[in-house]
Every structure is written in C-alpha cells, then in structure tokens.
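I opened a new page for this structure.

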Amino acid sequence: MNYVLLPSYNEEAGLAAILPALTRIAPPGQFRIVVVDDGSRDRTSEVASGFKGPLDLHLIRFEQNRGVSEVFYAGMRHVIEDSRDPDNDVCVVLDADGTQDPLIMLPMIKAVNEQ
C-alpha cells in the first residue's frame with residue numbers, strides 16, 4: 001500500500017485542488033490518503049470528507065490546533081497502525097496547499113519499490 005499523508009491547517013482551497021488530482025493518479029486499493037486537519041477554522045475537514053469514496057481517504061481531525069509535530073505524529077502513527085505490509089508499504093508526505101505536484105511522488109514510489 002502507498003500512503004499519502006496530507007498535513008492540513010486551513011487548507012480548504014489547497015485540498016480542493018490536490019484531492020481531485022489524487023483521484024486521477026492514486027487509485028483506491030493502491031493508495032490510501034491520510035488527511036490530518038490541525039483544528040482548521042475553514043472547511044478543510046468537509047472538503048476532505050467529500051473525497052471519501054473516490055479516494056481511500058482517512059480523516060484525522062483535531063478540534064483545536066496542536067501544531068505540526070502533533071500532526072505528523074498522528075498521521076505517521078495512523079500509517080504505522082494501518083499498515084498490513086510494513087516492509088513494503090511506502091508513505092509520502094505532500095503539502096496540502098498544492099505547492100507540490102502530486103505526480104512527483106510516482107517516480108519516488110517507483111524508485112523505493114525497485115530497491
């Protein structure tokens with residue numbers, strides 16, 4: 001399984017851009033998307049939840065902002081606990097603000113899997 005971790009704080013607009021792109025390149029069954037909403041005050045969680053179904057998406061929501069270290073801890077902990085094949089699963093972290101093209105992860109995942 002390939003995991004995509006999207007740490008998010010007030011990323012309603014960013015997720016509205018990156019999640020549709022992930023539906024085109026990250027088919028369910030091969031990719032699991034983990035969005036960690038760090039107490040956003042906008043519609044971050046609602047936008048993420050709208051992609052459950054088209055994406056294998058798991059949402060972790062903090063009621064109040066806890067900071068980036070807690071977001072990464074919760075997201076990575078979820079991936080570790082969810083993994084069924086920890087020796088072969090891959091986790092990629094992308095910025096939820098859309099500054100990174102999600103296509104960049106595909107050659108990285110391929111390179112990891114070829115080792």
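**Helix 3 and its surroundings**

I began with helix 3, residues 68–82, in what is a predicted model. Helix 3 has 15 residues and reaches 21 Å from its first C-alpha to its last, close to the 21 Å expected at 1.5 Å a residue.

Next I asked which residues of helix 3 are buried. I found Val 71, Ala 74, Gly 75, His 78, Val 79 and Asp 82.

What do the buried residues of helix 3 pack against? I listed strand 1 (2–8), strand 2 (31–38), strand 3 (57–62) and strand 4 (90–93).

**Rings**

I searched the whole structure for aromatic pairs and found zero. I did find the charged end of Arg 66 over the ring of Phe 62, 4.0 Å from the ring centre.

**The whole chain**

I counted four helices and four strands. From the N terminus on, I read the order of elements as β-α-β-α-β-α-β-α.

Of the 115 residues, 44% count as buried. Among contacts between residues at least 6 apart in sequence, I noted that 73% join residues at least 24 apart.

Last, I checked the radius of gyration: the protein has 13 Å, which agrees with the value near 13 Å for a compact globule with 115 residues. The C-alpha trace spans about 40 × 25 × 25 Å along its principal axes.

Definitions and conventions
Residues numbered from 1 in each chain as written. Predicted model: local features only at pLDDT ≥ 70, side-chain atom pairs only at ≥ 80, totals over all residues. Heavy atoms only, no water. Helix = DSSP H or I, 4+ residues; strand = E, 2+ residues; numbered from the N terminus. Expected span 1.5 Å × (residues − 1). Buried < 20%, exposed > 50% of the residue type's maximum accessible area, 1.4 Å probe, protein only. Contact = heavy atoms within 4.5 Å. Phe/Tyr/Trp six-rings, centres within 6.5 Å; stacked < 30°, edge-to-face > 60°. Lys NZ or Arg CZ within 6 Å of the ring centre and 35° of its normal. Rg over C-alpha atoms; globule rule 2.2 N^0.38 Å.
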